[in-house]
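Subject: Handing over a structure, with notes on what was found

Dear colleague,

I am passing a structure on to you, and I would be glad if you could look through it alongside the notes in this email.

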Amino acid sequence: MKQLFLAFLLCTLAFTAPAQNQNYRQAPQEGYYTNPIFPGDYPDPSILRDGDDFYMVHSSFEYYPGLLIWHSTDLINWEPVTNALNTYVGSVWAPDLVKYEDKYYIYFPASDTNYVIVADDIKGPWSAPKELKITMIDPGHITDDQGNRYLYFSSGSYVPLSKDGLTVTGEPKHVYDGWEIPREWSIECFCMEGPKLFKRGDYYYLTVAEGGTAGPATGHMVISARSKSPLGPWENAPHNPILRTQSVDEQWWSMGHATIFEDGHDQWYMLFHGYEKGFYNMGRQTMLVPIEWTKDGWYKIPDHIDINKAIKLPNLKNKLKKSFTLSDTFKGPELAPQWSFFKGSETNRYQFIDNSIEVKGKGNGVANCSPLLAMPANHSYTADVELEIEGDATGGLVLFYNESAFSGILADKENVLANLRGWQFPTERNVIKRHVYLRLKNINNLVDMYYSLDGKEWLKIENSFDATAYHHNVLSGFMGLRIGLCSMGDGNVRFKNFVYTPLH
């Protein structure tokens, strides 16, 4: 009874928000939106306005293909465009998406260095990554009135760039020390990061995050500064911090890593990320709030805006056809944008055959099989998939955080297996003949597992697991808990009809 009551309580407290054309919790009243605009693990957002179009990209870490670009015309409804990064260079952190003289650039750190990729069209093709041969993280691009280009970094330093943006032309110069955080505040670390820059009027504005990306709920925050020159000196805003979680009683924790932008109609917004209380395993989710300008030229969140409540929609028209869904029939010929492999693009491992994706076995377990992953957008959902087992392969449907944190249901040619935090064992013996349907049912982090022989009658196995603790504050890594399709061992696994269903 106690477990039922807690589950009911979590459901009644669930925050409402829209999604990328998915039924995520409940829709807000007409004319309003509720955060997040990107539910799920979409951290370190970088946004580019290109005429009447908006494009966004996020940190993609160890998920390849990476740097998925999204498109919107109204800031609320988003459709995937393309993955800009297909060459494995390591864990990809906070990128910056910019346009300069009709070319598109993404600057990003990975493997203790920085890279740039470039394209003539936002849809690609994108170039192979070019190393900039400079350490530091979180590059932020700015151009001055004379067309000179610079990259800022989390250290408060900048470097000059060549005209084509592909080469660093000078040594780093430190020009900004950040905003001093009161010692009595509970933070993870000073950890200045995520510099984003823009110009308005006579001033250049620098926005950074401080306080640590995770750790205490009250740590991460948004800090603003301005200067008459893109190279400083910088004056801190009197309203700092512009945004910060004040209490663990709030719905959104560790809010920060903001970008300030104008919508083309003189309306200004702040894009940022945050963790959701009770659902840290969903990662850092992308949120949006309007901002206003004070008479003395500083920006702030209007006093009447509550991030936890409905906000009036931007005065922009949605011109997109709403088609994106996590469900997939694997028609090919390319991998659907919601899918990525863990630690490598794995392009030689899979092929599309008769509305299925056949994935060659790799490794001897979930930890080293480089699963195919998709990010769920809901607190509660079911995920179903049909499997055919070839050779001595084992296939599975799991929730996967990293190589040491995962659980799920699997099948070999004869048996249904459970995997609980790496402990794997047959739970139903000699019940299948190389063909089975598997299901995960996640209700507010309590996950039950099922199998079916015909896709209609589902049989629950005795094993379930709690996914609450699969997140960065426990495991590190800055990632989110994803749905994974696993193929391991000597053989192939063919996956069909992946169906993702939000639950209420």
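Predicted model: local features only at pLDDT ≥ 70, side-chain atom pairs only at ≥ 80, totals over all residues.

Residues are numbered from 1 along each chain as its sequence is written, and side-chain values use heavy atoms, with hydrogens and water left out.

**Pocket and cavities**

Rolling a probe the size of a water molecule over the atoms shows where empty space is left. The search runs on a 1 Å grid over the protein atoms alone: a cavity is a set of points where a 1.4 Å probe fits but cannot get out, a pocket is an open set with protein on both sides within 12 Å along at least five of seven lines, and lining residues have an atom within 4 Å of a point. Grid points are joined across faces, edges and corners, and a volume is the space filled by probe spheres set on the points. Helices (H or I, at least four residues) and strands (E, at least two) are DSSP runs, numbered from the N terminus.

The largest pocket holds about 650 Å³ of space, and of the 21 residues that line it, L48, V98, H141, L197 and F198 lie nearest its centre. The elements that give two or more residues to this lining are β2 (46-50), β7 (96-100), β11 (140-143), β15 (193-200) and β20 (252-262), with β7 giving the most, namely five residues. By class, the lining of the largest pocket has eleven nonpolar, four polar and six charged residues, where Ala, Val, Leu, Ile, Met, Phe, Trp, Tyr, Cys and Pro count as nonpolar, Asp, Glu, Lys and Arg as charged, and the others, Gly among them, as polar.

There are also five cavities of 30 Å³ or more. About 310 Å³ lies in the largest cavity, which is lined by 24 residues, with Y42, L68, P337, S340 and R482 nearest its centre. Strand β5 gives the most to the lining of the largest cavity, with four residues, and this lining divides into 15 nonpolar, seven polar and two charged residues. The second largest cavity has about 80 Å³ of space, and its lining has six nonpolar, five polar and no charged residues.

**Salt bridges**

Side chains of opposite charge can pair when their charged atoms come close. With a salt bridge taken as a side-chain nitrogen of Lys or Arg within 4 Å of a carboxyl oxygen of Asp or Glu, the count comes to 19.

One of them joins D384 and R439 at 2.8 Å, N to O. Because D384 lies in strand β29 (residues 380-402) and R439 in strand β33 (residues 435-443), the pair ties together parts that are 55 residues apart in sequence. D384 is buried at 12% relative accessibility, where buried means under 20% relative accessible area, exposed over 50% and partly exposed in between (1.4 Å probe, protein chains only).

Another salt bridge links K300 and D303, with the closest N and O atoms 3.2 Å apart. K300 is buried at 16%, whereas D303 is exposed at 73%. E292, K300 and D303 are linked in a network of salt bridges.

**Aromatic pairs**

Rings of Phe, Tyr and Trp (its six-membered ring) pair if their centres lie within 6.5 Å, and planes under 30 degrees apart count as stacked, over 60 as edge-to-face and the rest as tilted. The count comes to 35 aromatic pairs. In one of them the ring centres of Y64 and Y88 are 4.7 Å apart and the planes stand at 50 degrees, so the pair is tilted. Y64 is buried, with a relative accessible area of 0%, while Y88 is partly exposed at 38%. F198, Y203, Y205, W268, W293 and Y299 form one aromatic cluster.

**A buried side chain**

Finally, Q285 lies in strand β22 (residues 285-293) and is buried, with a relative accessible area of 0%.

With best wishes
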